[in-house]
Every structure is written in C-alpha cells, then in structure tokens.
Amino acid sequence: MARSIVGFLVLLLFLSFCEVASFFQPISDPHRSAALELFSLDHGSFESLEETYEALRTFDLLGIEKKPDVTATACRLISEAVGSSSSTPKDLFYALKANSIAKCAIEDKAFQGIIKRLNAAVDGASSLLDFHYSVGGLVLIKSYKADVHLANADGIFRSVKAFSQSDGRWRYSSNNPESCAFAAGIALETLAGVVSFASSELDQSLISTLNDDISKLFDSIEKYDDGTLYFDDKLVDGHDHQGPLATTSSVVRGLTAFAAVSDGSLNLPGNKILELANFFLGIGVPGDAKDLFNQIDSLALLESNRVSIPLILSLPSTVLSLTKKDSLQVKVNTVFGSNAPPLTVKLVGAFTSDSKDASLVESQELVFDAGTGLHNLNNLPKSIDIGSYSFVFEIVLHKSEHEKVYVTGGQKKVPIFVSGLIRIENAEISILDSDLGSIETQKKLDLAGQSAVSLSANHLQKLRVSFKLTTPRGHAFKPHQALLKLRHESKVEHIFVVGNSGEHFEIVLNFLGLVEKFFYLSGRYDIELTVGDVVMENSLLRAIGHIELDLPEPPEKAPRPPPQPVDPYSRYGPKAEITHIFRAPEKRPKEELSFAFLGLTFLPLLGFLIGVSLACITFMFSFNQQKLSRVGVNLKNFPTNTVAATFAILFHVGIGAVLLLYVFFWLKLDLFQTLKVLGLLGVFLVLVGHRILSYLAATSAKLKSA
Amino acid sequence: MGRASSKEDVGALFRSLRSAYAATTLNLKIIDLYVGFAIFTALIQVVYMVMVGSFPFNSFLSGVLSCVGTAVLAVCLRIQVNKENKEFKDLPPERAFADFVLCNLVLHLVMINFLG
C-alpha cells in the first residue's frame, strides 16, 4: 500500500509538469434542464426498466427533485417486474437498481422469490451478461437483506475470468470470439460484485491478476489531440458497436467498482483519471438520454472514487475587454461543480504566438474571493495589450494530504482574447497626379461619422487613402482586414488590401495601371473601407464616399466585365408588366350621319307604298270606267268565303310572325332558338299557305274556265 | 340634222316604251315597283358604305345582299307570273307566289344571322 502511494506521488510530480492544452466547464444547469427534457415520461411511462433506472440515477446525481409521477411510474414498473415470475434476470437487475434510488416498498416474500431465481440464474449462467445480471442483482439485494450469500464464489470468479483476453479486453461468451473494452467494464463490475460477497474465500492472486488486466486495458486507451483519454472498440461488424462514450463509461464503472473493493491495491495514475473526466466533460450537454446518463454516472463515479478526485479549472469568460477594464477570473471545482479544497491559482505566464517561450507577465498568484468562489486578477498588467494570448495557470493545493486525494493536472494553457478600442487617426483620402505626385485634391475622412466625400479623377491620376491605427496601450496594430473596395454602378467590384508600415496604413491606386482591371468602365464608383479584427471592438465597414472615374474607351479586344450574379430567386418573382397592343377600334361615323341614312333607307319603302296605292287607284278608276272583265288575279281579290278568309288572315299573321321572329333573332335570340321556333311557325305557315293558295288557284281556274 | 333626229328618236323611243308599259297588268307593275324599291335601298346602303367605310363589313354585305336577293326573287316571280311568258304557262301563279314567300323567308333568316 505504501509502495502504491509513493508510486502515485512520483507519477503525479512527473505529470504535473505536463501541459494540458484545453479546459472544460463542470456540470451545471444546462445539464439539469437537458435531463428534465430527455428523460420525460413517454405516454406516462418509461420504455424499459433500464431507462427507469437511468432516469432516476441521473435526477438523483444532478440534484433534481423527483416528481411524484416519476416515482409512481418507477414504483409501478419495479413492482411489476419483481412480482412477475416471467421476469428475466436483466429485468430484475435493473428493477433492483432503480429501487435503490426510488426506495419503493417490496415484500419480503418477493425478495425470497427473487433470491431464488437469481441463484438459479447464477448456476445456469453461461455468458458474461448472464453472470453480470445475476451477480449484480444479488449484490443489490445485499443492501436489503444482509444474509444473502453467493455460493461457489471462487468458481464464478474463474468462469468470468475465463472470458478475458490477453490484451485486457473481455469476450461476451465462449462462442463469440470478439472481445471489447465494453465487455471488460461489465466483467470488472461483475467481479467486483463477487469479491464484495466473499473476499476472504477468494484467492488473492486472482484479484491481483485483475490489476494486470486493468493495466493492459489501459494500454489500449486512446487519446485526442487535446490530451483527453477514452476507450473505444473497433469491431469488425459494427452492429454491436457502442461508441466511445458508452465504452469508456462502462470501463469507468467497472474500474471504480473494483477500486472500491480492492482496498487500494489498484495502481492507477491520477492524471489518467483527470483525462477521463475531461473526456466526459468535453462532450458538453449530450442530446441523447443514454449518453447523458453515461456522462453523469461516470463523472459521479470519478468524483467520489477512491483513486483520485479530479479538479477542473474553468473560466467564466475568456474574452477580456480593456475598455471595460475586465478582470481575469478563474474557477476551480470538482466535475459536478462543487467546491474545491483550499487552493491557490497561479498565473505562471502569458504567451502570444510571437513570443513562444518568453512570458509577457511575471508569475503571480490570483486573489481568492470567498464570496463568489472565484480567483481574480484585478488589473491586467501593462504588458498585456489587445490580441490573443495563451495564459498558463497552475493549481497549488494548500494542504499536502489533499494531494493524495485530488488530481489537478499540472499546468493548464487557456486561450484568452484581450479586446479593446483601436484609435483611428489621420484618416484622409486624396487624388494625386500620376507623374509629379502632386496633390490635386485632399480631403479628411471622418470615419466615426457619416459624412461622404465626392471626388473625381481620370486615368492619369492616383487615389491615395491613408490612416493611422494605435492600440489602447499605444502600440502599432495590424488588423486581420484592412480592405478598400471600389464598386461601379453596374455592380462590378474591386477589392484592394491596404498595406502598412508600423502604425501607418496607406494604399495608392494608380489608375493608369488599373484601367484594364476595371474593364474600362467609366462612371461613378462607390468607395468602401473595411478595418476589422477579432479583438478590435470598433471594427468598421464604412462607405466613405464616391469617385467619378473617367477612363478611356475600351479597345476592341478588351475583356468584358464578368456577368453579375443574378439573384437566383428573382425568377420566382413577378415578371415585367406586359402592355398588350390592341387593334385600334375602327373610326365610327357620326351618329347624326348614321341616323340620316337610316331615314334615307325608308324613302324607297315610302316610294313603293305610294307607287302601289297610285297604281291601284289608277287601275280601279280605269276598271270602273272600262268595265273590263279582265281575267287576272286581282290583288284586292280577297275571298269572301269566311273559312277561306280565316285562312287568308292566318297566312298573313304567319308571315308577320316569322318576320317578328327575325327581329327577335337579331335583338336577343340565338340561331338555335330561332330555328326551333321557325320550325314550328314554318310548318304552320306551310299548311295554312297551302290551303289558301290552293283555294285561290281553284277559284281562278274556275273563273278561267267559266 | 342628225342630232335633232337622234333626239327625236330618243324621245320617240321613250314614248313608245311608256305606252307599252302602260299596257302591263297591275300585278306586274307592283312587282316592278318592289324591285325598284329593293334596288334603291341597296344603292343607298352602298353610298353610305362609301362615305363611312366598310367597318362592320358583314353588316354591309348582309344589308346589300338581302336587298339584291329579294329583288332577284321578285324578278323570278314576275317571270313566272307573266302570262305572256310561254315557258311557265302551266305553273299556277299561286305556286310561284308561295315559292317567292318561302325563298324570301329563308333569305332573310340567313341575312339576319349574318347581320351580327
């Protein structure tokens, strides 16, 4: 035991000089709200006993108060599983695990039944998982009934150990040749359970071989670039692939269970525990319920394990503003955010990308504020100007006995940004003559305000923009972006980088050389200046004015400007309005003229009627005088016979009706309606006409013959 | 001398035409008047069209053709009714009149349709 402690300290001292490159935030409120969201009851019940246990354990560890419906659901599921005789050992295992948190009442008779079934399961177990559930179940019952014991502990230990491989991993069963670290975690947990039952009976050498297995398992540990460690299985067929989080969490469970029963014989470097803790913290807030459970459960086991407790250094804010006179604040907690033992945080050094080894500040201690629990550095040293730095911190524990219990991880490098306001002075824009360099126009730029300058130039001149940038501490500053953009009316843009020498920034555009680059486009160019950097609090992107540029005509082979990108959604927008060209309406004559001719049309009719009456009168006059018995059809020869007279009237009425129908046809009706009516009228007219005309013919024939 | 004689000839021609025409029956005179009326109406319509343009051309055609059509039918009637015409000796004039009425009705139906 003393040897292991010494070995421990040596390792710790050695590892304390290693730099760990990143930092993580401990578990806090985002995890709590995620837990409430992910472990919500689906249709009033959890899907399985495993999920019930995971939910209860997560809520318990995060300190979330259990809602009554959650507890009620859990108790219902547990009592169902415990009472049913068809529950598998897996169901019983998870039911008992859930009950250790939910603390529902279980009858003594039920316990007896469970014990009997689990013992039978242990006897009949053939695979790793069978042993895991049955032995695990019995271990859990031990907390209720102390007189439970495991028969043949030695035999069980050896059976489980038989599944182990030489590289520290375990197989699931003798049939399955694949081994994985996930199974190793399960096996360690099971073996820890066996040991807890009957440590005196077991052979101590067997237990110590487990230590070798664990160290071999740690040989296969994997590492991310930032130093965090994790376990992952690379299985040939991926259907059982658990992922690094589940695998690492299973191993951590097994390790901590075994460390709890092995009385400190486990020789694990504290720094590895810290890096495993960092792996879990580095996940942030998982989006999956099982991932969240694995993360929280593993961190809880790491926090209270008997090997070493990791301490996490974190910063509430890594961006400090010189303008607001922010102070550097550092927090040191355990993984679950609880208070650390008394310690001091030392700022060992501050480095930039230029000064690799030379620290810009002296090594100094941060002041601890017991009220807020933060370590502060109130005034940033004058040597810290704006920019991005790498601050190196070290945790020094006050009590030496704590160094056995806690692991701090040596020196921590944290990236810090220091921002501030950059002074922009002497900003001016001018037009110069190309040959002599003499200034034709010079205007001062007010980059803080909204004023715009208006200039004009031709291709023989140059444009110069210059300004001076200084940091709050008075040093020269080179921003990431110092750009000048000229945009033509036709949306063609040209961007130029503003060069500098120290504090002085200047760009000279010689239009003579740029004529071709500008595609010979003359006209108005809008000028825009961009000065920006991530640590500059007053980055600016400003339109400073416009310049009327007069360039020569393009020659024939001059390059055309590139086509400007068309907004791809413009083709879904409204199209141009179409103006329809209608045929101009015909010129109509004046109404009076039309009416005049209408009247004129009736004249021939009038003439006809007058002529007919004159002719009849003349005829009757001559008839009376001459008393001619002319043979001929007299127009006025209206039959006197009443039947014939009726038909004659009907004939005339029929014709009149047809003509009236035609008038209606022109006014209102359509052809088909007219034809329908005409059909009826026509039949009538034909019948009547035939009667009267045949009667007339007969009478005139009689007259003729007579 | 020649002119005077031609003038006299024209005058003599007209006088003989008038006296011959006076001998025609009343019916035929009425039919002639009807034909004259129809033709005059057509002429007035043509003059109107010449003055104001042929914009709705179908109306113009309809009007003119109905006048001309009815004139033609009346001429047919006159031919068939005229007793001095040996060709239609056996055709009763009532039959001819019935034909005239029927054809006019059909003509005017078509013309009203075309009038628009």
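Leu206(A) sits in helix α10 of chain A, residues 204-219; helices are DSSP runs of H or I with at least four residues, strands are runs of E with at least two, and both are numbered from the N terminus. The model is predicted: local features need pLDDT of at least 70, side-chain atom pairs count only at pLDDT 80 or more, and totals for chains, interfaces and linings use all residues. Residues are numbered from 1 along each chain as its sequence is written, chains are lettered from A and ligands numbered from 1 in the order in which they are written, and side-chain values use heavy atoms, without hydrogens and water.

Leu206(A) counts as buried because its relative accessibility is 12%, buried being under 20% relative accessible area, exposed over 50% and partly exposed in between (1.4 Å probe, protein chains only). Leaving aside residues up to four places away in sequence, Leu206(A) touches Asp154(A), Phe157(A) and Arg158(A) (contact: heavy atoms within 4.5 Å). Lys161(A) is 45 residues from Leu206(A) in sequence; their C-alpha atoms are 8.9 Å apart.

Chain A also holds an open, antiparallel sheet of five strands, ordered β17-β16-β19-β23-β22. Strands pair if DSSP finds at least two bridges between them. β17 (439-444) and β22 (499-501) of chain A are the edges; each has a single partner strand, so one side of each lacks a neighbour in the sheet. Within the sheet, antiparallel strands β19 (461-470) and β23 (504-510) of chain A are joined by seven bridges. Ser466(A) has Glu506(A) as its bridge partner in β23(A).

In chain B, an unreviewed UniProt entry annotates residues 33-51, 57-77 and 97-115 as "transmembrane region". Residues 33-51 of chain B are 100% helix, with end C-alpha atoms 27 Å apart. Residues 57-77 of chain B are also 100% helix, with end C-alpha atoms 30 Å apart. UniProt positions follow the numbering used here, feature names are shortened, and annotations may be inferred rather than shown by experiment.
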